[in-house]
Structure formats: structure tokens, C-alpha cells
Amino acid sequence: MTLRTSDTRPAVEPSADELERALRPLVDGAGARGRQVLVSVTIAIPWRDPIALFGAARAAGGEPMLWLQPGAGFGLVAIGTAWALRPTGPGRFQQAALAWRDLLDGARLAGVSTGARGTGPLLLGGFGFRAEPSTEPTWRGFERDRLVLPSLLVSIGDGAAWLTANVVVPDNGAEGDGPAVTRRVAELWAAVEGGGRNGAGEAAWLAADRPAAPATLRISGLQPGPGEWRASVGRLAGAVGRGRADKVVLARRVDLVADAPIDPSVALRRLEVTAPESTIFALTRHGRTFLGATPERLARVNGRTFRTIALAGSIGRDVDPAEDERLAAELLASAKDREEHEVVVAMLRRTLAPLAEELEVAPGPVVVTLRHVQHLATEVRGRLHQRAGVLSLVERLHPTPAVGGAPRELALELIRAEERLDRGWYAGPLGWLDRHDDGEFVVAIRSGVVEDHRASLFAGCGIVADSDPDREWAESVIKLDAVASALGRLQQ
């Protein structure tokens, strides 16, 4: 496990009473301002295991979100909802940015000022692949777009941890009673702390060392089936071949049923071990958990500097090192995969060049090796002419040709005609932003929705003129296995 405890961490966990005492004077002073006011307090706490904390928060009914980058030693766990933002329509990204700016205006902040990444009041959440409302039962409980200021946020980095408590005092006072507001936040922390020591959180902590026998999974549904897939790939490859499009990404869904309830915390622990180079995420809503481990960063912004990545072109792995190396060389030499990859690189260059005073694009792709699959990857970084905020870049980049296609609007029209499934949050932007509008969003691939004994997993493949339907199906199976293997053992 990459995340470690710190020798300089605080020796004593803050109690619910101490948290309440820190919030109370700020909340009491905010109620008379005549507008809603954000109150936020940050406290240094002992190091916590993010997945264990996520499990404890689920058990406490806090509907948490987890963001974990094991390779970087960085994690966020958001618990509860102090304030939620549900932007809609084509302007949803700017709606979110403006509403967040408005809330931060006049905010009352106190506590530790660490300057560390991901500390203080943050918005966390994501956006659906499309702006239209979701209709399929798979996504019941997940609004198309939702960013949340959590009641509690635990930020973990460099072996240290911080707890941020947030309250939004409405314009007519603290819901009539400042003590009641602060007490609710304190009680939520007490409930999570109890679960983390003795309940579901502890089970998640131990899962890596004493894993339970994996659940047996069987396929209960495919959308589309193999025949429909072949026909769709053929039509889309034909459209590309005739020059209508450069690339179109076709997605499919696999529904699974298990012989025992699927524990999201145990699945996340397995992903932490098997995908440490990825961003591991989970979001619980109304008993359902959307989770995954994505290797694809959409945008990371810190001040005027930014980073993104072109990730397109895939091949499998092999247990034999020599064969694995041969597959990597085959991917790097593949004209089909290089064409698919270059479409993404060209879009990033074209989109970012007008915004950047410096733009650095790696001279060529490299092979990134993950546990189940290898990808072509090209790093892109630079410096903006002026500070724009992470949501501004997300708006311009989503969806990239890696998950949509090119040209964008035509590819999306072809996807609507061929997929006949609701992607929901699959392949949408998921992430966080801080009070300076800095933050990071990833593309929510290698993902699925889990509820009790059932799961629905998603995968997509880039279709170009010479795409072979059977090869694309096999590629999608490899991508699906990245999450399926964390949920259990698939029955053949």
C-alpha cells in the first residue's frame, strides 16, 4: 500500500465535541448576514486509511465519495452533503463554476492553513457523459450532473491528514438553530469514527491482508449482444472509411449477478492493489455505488499550469514477459491503433493551443502497462495565458475522441444512433476543485455501478476504418475484466 502513516501526525483524534466547538462561533456569526454563507473549519488529524474511511461512511449513511491515487499517496473522502449543485444543459460547466464562486464569496474559513493540495472546502462529484437526463434504471439515484460540498472532507497526502467540516448557513439563519446545525455535523463525524474503528471500515482495512473468498459472478445481460455489436462496428467503420468521421467510440454494458452481496470497499481494496497507477474512485447514492479505476486524466490545473493525457489504442497482457513485450511492440507498431491515438492528440493540441502560452506535447506515444491492458499514451502539459480554472478546461475537452470520437458532434450523433444504451456517468468527467478553482478531473472509464448482488460494467472501443468487430469485442472484454476481477470471480 502506497499511502502511509506519518511519524508527525497528531496523537489524538478530534472528538465530535471539539469539532462542534470549532464550528459554533463561525456559524453563529454567519446567520445575520442576510445571504447564505459557507462556514468551513480545517483540523489536522491522525492519518486515516481512505478505503476504510469510505466503508465506515457508507455504513453511517453518509453517501461518501472516494478519490484515491495510491501511486501519488493522495486521497480524498467526502462524507455527507452541506451543499449540492446540479447544473443542467449545455452550459453546465460554467454554471457550476459561477455558483461555486458565488458561494465562496464571503465564506468564513478557519483552522489549519496547510496549503496542501486538496485541503479546505472542495466541490467533488461529476458530470454525465451527456447533458441530457438519465432514463435507464442502472443510473437511478444518480443525477446527470452533481457536485457536492461535503459536510466532512478528509484529505490525505504525504503521510498526513486533515479534516474539513463545512456548513452552509442559509440566508434566513442557520436553519433556525446554529447549535443544531453544528451538532448534526459533529454527530456524523462520531458515527463515521465509530464505524472506522469497529465496523465496515475495519473490514475494508483487513481485506487486503485477509481477503474473503471472492464472490462468483455470472453474466445476466449484454447490451448490445455480439451480433448487434458486429453490425454496429461494421456500420461505424464504414462511416469512417467513407470520410464521414475520423473515429467513433462504441460502448457496451455487461450486467453481472453474484452469489453473495458485493462489498464496494473490498472491491476498492483490490483495485488499490491491482491498479496503483490509476485514479480509484467511488460514489454512493441511495445504496448504489459507482466505482472504478481509471488511467485517464482529463485535466489537472494548478494556477496557470495544466496537465492532460491522450490515452487511446489498446492491447492485452500476457503472463510470459517475452510475449508481453512482443504485444507492447505490436501495439506501438499498429497502424490502426496509432491512427486512433493520433486523433486524440490532434484534438488536444488544437483545443489547448489557443489557451496556452506554453504547450508541451510529447514527441510520440509510449506504451503504458496496466494489470490487464496496455495503452498508447501521450502526455500533454503547459501553462495557460491566464488563470482559467479546471472546469474551464473540462468544458473544452469533454468528451475527448478517446471516449466520444471526432469530429465531436458527428461522433456523438453516430453514438446515439448505434449504442442504444445510457452511459450515465460512464466516460463522464469525475473529480474535484478547490476554492481557487484548481483541481483535477478524470474520465470515468474502467467503471461500473454496484448494488447488493448486482453490477453493471461499461467499456468502449475506438472504431476507425479498419476496425475488426471481433478484435474490438475482445478488447472490450479485457477492459471490463479490470473491474470485474475486483468484484469477484467470473463464471465461465
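In the predicted model, the buried residues of helix H3 are Arg-92, Phe-93, Ala-96, Ala-97, Trp-100, Leu-103 and Leu-104. These residues span an arc of only 140° around the helix axis, and therefore lie on the same side of H3. An α-helix has 3.6 residues a turn, so positions three or four places apart point the same way. Gly-106, which follows H3, has a positive phi near 85°.

Across the whole structure, 35 salt bridges were found. One of these joins the side chains of Arg-307 and Glu-379, with an N to O distance of 3.8 Å. Arg-307 belongs to strand E15 (residues 305-316) and Glu-379 to strand E18 (residues 373-384), so this pair ties together parts of the sequence that are 72 residues apart. Both partners are partly exposed: the relative accessible area is 30% for Arg-307 and 31% for Glu-379.

With Lys-336, the closest N and O atoms are 4.0 Å apart; with Arg-471, the corresponding distance is 2.9 Å. Arg-471 is located in helix H12 (residues 469-487) and Asp-337 in helix H9 (residues 335-352), so the contact between them ties together parts 134 residues apart in sequence. The two ends of this contact differ in accessibility. Arg-471 is partly exposed, at 36% relative accessibility, whereas Asp-337 is buried, with a relative accessible area of 0%. Salt bridges with shared partners connect Asp-337 and Arg-471 with Lys-247, Lys-336, Glu-340 and Glu-472 in one network.

Gly-61 was examined separately. This residue is located in the loop that runs between helix H2 (50-59) and strand E2 (65-69). Its relative accessible area is 56%, and Gly-61 is therefore classed as exposed, the cut-off for that class being over 50%. Gly-61 and Arg-285 are separated by 224 residues in sequence, while their C-alpha atoms are 9.7 Å apart in space.

Terms used
Residues are numbered from 1 along each chain as its sequence is written. This is a predicted model: local features need pLDDT of at least 70, side-chain atom pairs count only at pLDDT 80 or more; totals for chains, interfaces and linings use all residues. Side-chain values use heavy atoms; hydrogens and water are left out. Helices (H or I, at least four residues) and strands (E, at least two) are DSSP runs, numbered from the N terminus. Buried means under 20% relative accessible area, exposed over 50%, partly exposed in between (1.4 Å probe, protein chains only). The arc is that of the directions from the helix axis to the C-beta atoms.
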